[in-house]
Amino acid sequence: MKQNYHLLMQKEIEYTKTLPQKPTLLLHACCAPCSSAVLEVLAEHFDITIFFYNPNISPKSEFDYRLDELYRLLVEMNLSQIRIVAPDYDENEFFDIAKGNEHLPEGGARCKDCYRLRLEKTAEYAKNGGFDYFTTTLSVSPYKNAQALNEIGSELSEKYGVKYLLSDFKKGDGYKRSCQLSRDFNLYRQNYCGCVYSKTQAEERYKNNGI
């Protein structure tokens with residue numbers, strides 16, 4: 001049955017207000033634009049640490065630039081108290097799980113395996129770090145499958161014993177707000193998800209349609 005993940009998140013946030021202190025949240029982030037609107041929603045209610053684990057991003061220079069923009073965003077939003085954890089970059093971790101699915105269009109099985117790769121690493125770190133919650137900024141994008149993300153997050157929550165904050169950050173004009181904040185802070189807004197396959201598709205799209 002399809003769930004209203006945005007409503008479920010709002011209910012969970014209301015619950016956190018009854019707690020004696022802000023719960024800790026490990027927030028997987030893919031880039032500054034996607035993080036902007038999400039942080040605006042969550043920073044008031046959670047003690048956040050950002051987890052920048054994205055071995056899918058290629059090339060390394062793109063990975064580094066997105067990470068630098070994320071650091072800059074925290075300064076621009078007066079959220080310098082938020083710490084960023086960025087595991088060492090190893091693109092082979094992504095290529096290993098993408099084998100056999102290189103030809104698939106964006107949004108298919110390869111993407112879901114990529115969701116799981118990044119969310120599992122996040123859940124593992126959250127467990128080892130004693131976090132109360134974990135979640136991801138990915139659902140703010142209209143190109144990401146919020147249902148798949150929440151189903152994977154829920155599975156990993158049971159496996160690792162850390163609450164997954166169910167969410168669909170694109171709802172409530174979340175994606176629109178992320179676009180506005182990107183303009184306000186002059187953020188680098190990439191035209192592809194991150195991996196070499198999505199980059200190739202973006203280049204083909206531009207070649208054929210000019211967008």
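These exercises, with worked solutions, cover one predicted model.

Residues are numbered from 1 along each chain as its sequence is written, and side-chain values use heavy atoms, with hydrogens and water left out. Because the model is predicted, local features need pLDDT of at least 70 and side-chain atom pairs count only at pLDDT 80 or more, while totals for chains, interfaces and linings use all residues.

**Exercise 1. Cysteines**

Solution: 
- Step 1. Take C31. Its closest cysteine sulfur is in C34, at 3.6 Å, which is too far for a bond.
- Step 2. Take C114. The closest cysteine sulfur belongs to C193 and is 6.4 Å away, again too far for a bond.
- Step 3. C31 is buried at 0%. C114 is buried at 5%.

**Exercise 2. Helix α1**

Task: Compare the span of α1 with the expected value, then locate its buried residues.

Solution: 
- Step 1. Define the element: helices (H or I, at least four residues) and strands (E, at least two) are DSSP runs, numbered from the N terminus.
- Step 2. Check the span. The expected span of a helix is 1.5 Å times one less than its number of residues. Helix α1 covers residues 5–16, 12 residues in total. From first C-alpha to last it reaches 16 Å, close to the 16 Å expected.
- Step 3. List the buried residues of α1: Y5, H6, M9, I13 and T16.
- Step 4. Look down the axis of α1. The buried residues fall within an arc of 100 degrees, so they line one face of the helix. The arc is that of the directions from the helix axis to the C-beta atoms.
- Step 5. Recall the geometry. An α-helix has 3.6 residues a turn, so residues three or four places apart point the same way.
- Step 6. Find the cover. It includes α2 (32–42), β4 (133–136) and α6 (146–160).
- Step 7. Focus on H6, which sits in α1. H6 is buried at 19% relative accessible area. Contact means heavy atoms within 4.5 Å. Not counting residues up to four places away in sequence, H6 touches D168, K171 and G172.

**Exercise 3. Backbone in the loops**

Task: Describe the peptide bond from S58 to P59, and the phi values of N78 and N186.

Solution: 
- Step 1. Read omega. From S58 to P59 it is near 0 degrees, and the bond is cis.
- Step 2. P59 lies in the loop between β2 (47–51) and α3 (60–76). S58 is found in that loop too.
- Step 3. Check the setting of S58. At 10% relative accessibility, S58 is buried. Leaving aside neighbours within four places in sequence, S58 contacts Y89, E91, Y192, G194 and V196.
- Step 4. Turn to N78. Its phi is positive, about 60 degrees, although N78 is not a glycine. N78 lies in the loop between α3 and β3 (83–85). At 66%, N78 is exposed.
- Step 5. Turn to N186. Its phi is near 55 degrees, a positive value in a residue other than glycine. The loop that holds N186 runs between α7 and α8 (196–209). At 63%, N186 is exposed.

**Exercise 4. Pocket and cavities**

Task: Give the volume of the largest pocket and of the largest cavity, and name residues that line each.

Solution: 
- Step 1. Define the spaces. On a 1 Å grid over the protein atoms alone, a cavity is a set of points where a 1.4 Å probe fits but cannot get out. A pocket is an open set with protein on both sides within 12 Å along at least five of seven lines. Lining residues have an atom within 4 Å of a point. Grid points are joined across faces, edges and corners, and a volume is the space filled by probe spheres set on the points.
- Step 2. Size the largest pocket: about 530 Å³. Of its 24 lining residues, S141, Y143, Q190, N191 and Y192 are the closest to its centre.
- Step 3. Assign lining to helices. α2 and α7 (174–184) each supply at least two residues of the largest pocket's lining.
- Step 4. Count cavities of 30 Å³ or more: there are 2. The largest cavity holds about 90 Å³.
- Step 5. Name its lining. Among the residues are N56, F94, C111, C114, C193 and C195. Helix α5 (residues 109–129) gives the most, with 5 residues.

Definitions and conventions
Disulfide = S-S within 2.5 Å. Buried < 20%, exposed > 50% of the residue type's maximum accessible area, 1.4 Å probe, protein only.
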